[in-house]
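The exercises below ask you to read a structure residue by residue, and each is followed by a solution that goes step by step. Please keep the sequence and the model open as you work.

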Amino acid sequence: MKHLETRLIHTRRDRLGRVTVNPPVERASTVLFDTEDALYGPKPTYGRMGLTVHRELEAAMCELEGASYTRLAANGLQACTLAIASCVRAGDHLLFPDSSYGPTARFCERRLPAMGVKTDRYDPRIGAGIADLIQENTKAIFLESPGSLTFEVSDTPAIVEVAKARGIRTIMDNTWGAGLHHQPLALGVDLSAQALTKYPAGHSDAFGGAVMTCDNAMAGRLEALAEDWGISLAPDDAYLCVRGLRTLKTRLKAHEAAGLAISEWLESRPEVAEVLNPALPSHPDHAIWQRDFSGSNGLFGIVLNPVPEGGLERFFEAMHLFSMGFSWGGFESLIIPCDHQLTRMQGSWTETRSGPLLRIHIGLEAVDDLVADLTAGLKAMTGS
């Protein structure tokens with residue numbers, strides 16, 4: 001099976017010997033055994049360790065990310081923190097990008113110092129210049145590309161080259177790339193984490209996270225830490241993530257096409273100062289995105305021109321298809337104001353932008369209907 005979409009559909013079925021298309025969902029804490037040897041054997045002996053549907057999801061994620069090992073988590077944040085914590089211990093130093101997902105940055109700056117780990121932010125566009133930030137005790141570099149809310153694309157191969165030369169582990173939050181459009185492990189990254197809540201589940205009805213690797217030593221660390229912390233994924237959420245992966249490519253193609261169409265339309269609007277979508281030629285990191293990614297999706301940002309007083313409230317009130325809500329990756333279109341979420345380094349681009357920052361997720365509705373909804377919002381915003 002040469003094609004990824006085929007492998008995602010036929011994952012593990014032949015090895016499990018079942019006759020149903022979908023894996024069974026075993027809602028169980030207790031697993032029964034006939035002998036003491038089996039009770040204490042190598043197979044999962046307790047429901048928290050995962051059962052049939054979890055093994056199917058792990059196999060599918062390995063296919064998706066080109067990995068040899070997957071560890072599941074309850075959500076994307078837990079996957080990222082598990083990956084980070086598996087690489088550092090008291091006395092170590094971690095670098096993470098200024099554009100990290102807010103809760104991940106909070107973990108790095110609030111929880112890791114309490115564990116004796118020093119952390120520093122870096123410019124997500126720093127590339128090989130990250131060498132200047134490495135300290136004697138730097139043990140890991142975290143990446144998120146594109147960055148959360150502001151969509152900078154990192155020069156991952158350049159950062160990985162610096163890290164490998166110094167024996168430093170690299171970790172990437174690959175939720176935007178979804179494995180289908182970006183494969184960090186193939187670029188030399190040691191650990192790739194995803195929020196399965198987003199495109200893999202795809203229907204805004206499940207939580208999940210996963211960490212993937214091709215490194216046996218890192219697989220052992222992940223497994224030990226996940227067991228120590230009691231990290232697990234509920235079977236019903238695992239099932240919904242498996243189900244979503246079967247249609248991931250088909251859905252993502254639709255999100256990508258609609259996202260590009262609306263990004264291009266927004267670029268033509270006088271109310272919009274900048275569209276933050278790396279798939280657009282106007283994006284400053286477009287060349288890096290073309291080199292390292294095979295596609296895009298429906299998630300991007302826009303910076304508005306200065307908005308009249310009360311304009312944003314009128315903008316959101318005038319729209320009926322776009323709703324305000326956290327998360328993304330589902331079938332519905334979402335839009336949120338982001339200024340309240342931004343915590344960036346002094347001197348970052350947020351201090352010089354022209355107007356409010358909005359994050360948009362384009363769902364699976366008709367593009368013409370979404371354009372009409374945005375048009376109504378923009379006209380209400382400016383009073384035109």
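**Exercise 1. Find the residue whose side chain is joined to that of Arg-71 by a polar contact, and describe the surroundings of Arg-71.**

Solution. The side chains of Arg-71 and Glu-227 are joined by a polar contact of 2.7 Å, where a polar contact is a pair of N or O atoms within 3.5 Å, one of which, within protein, must be able to donate a hydrogen and the other to accept it, and where residues adjacent in sequence count only if both atoms are side-chain atoms. Before going further, note that this is a predicted model, in which local features need pLDDT of at least 70 and side-chain atom pairs count only at pLDDT 80 or more, while totals for chains, interfaces and linings use all residues. Residues are numbered from 1 along each chain as its sequence is written, and side-chain values use heavy atoms, with hydrogens and water left out.

Because its relative accessible area is 10%, Arg-71 is buried (buried means under 20% relative accessible area, exposed over 50% and partly exposed in between, with a 1.4 Å probe and protein chains only). Finally, list its contacts, meaning heavy atoms within 4.5 Å: leaving aside neighbours within four places in sequence, Arg-71 is in contact with residues including Leu-82, Val-211, Glu-223 and Ile-231.

**Exercise 2. Locate the lysine that UniProt lists as a modified residue, and decide whether Lys-198 is buried or exposed.**

Solution. The unreviewed UniProt entry lists Lys-198 for "modified residue: N6-(pyridoxal phosphate)lysine"; UniProt positions are given in the numbering used here, feature names are shortened, and annotations may be inferred rather than shown by experiment. In the model, Lys-198 is found in the loop between β6 (191–195) and β7 (209–213). Its relative accessibility is 13%, so Lys-198 counts as buried. With neighbours within four places in sequence set aside, Lys-198 contacts Thr-175, Ser-327, Trp-328 and Gly-329.

**Exercise 3. How many aromatic pairs does the structure hold, and which parts does the pair of Tyr-199 and Trp-328 tie together?**

Solution. The structure holds three aromatic pairs, counted when rings of Phe, Tyr and Trp (its six-membered ring) have centres within 6.5 Å, with planes under 30 degrees apart taken as stacked, over 60 as edge-to-face and the rest as tilted. One of them, Tyr-199 with Trp-328, is edge-to-face, at 5.4 Å centre to centre and 70 degrees between the planes. Since Tyr-199 lies in the loop between β6 and β7, and Trp-328 in the loop between α12 (311–318) and β10 (334–337), the pair ties together parts that are 129 residues apart in sequence. Both Tyr-199 and Trp-328 are buried.

**Exercise 4. Determine which strands pair with β4, and in what sense.**

Solution. Begin with strand β4 itself, residues 138–144, which is mostly covered, six of its seven residues being buried. Strand β2 (residues 93–97) pairs with β4 in the parallel sense over three bridges, two strands being paired if DSSP finds at least two bridges between them. Within that pairing, Leu-94 has Ala-140 in β4 as its bridge partner. Strand β5 (residues 169–173) also pairs with β4 in the parallel sense, over five bridges, and here the bridge partner of Phe-142 is Ile-171 in β5.

Conventions. Helices (H or I, at least four residues) and strands (E, at least two) are DSSP runs, numbered from the N terminus.
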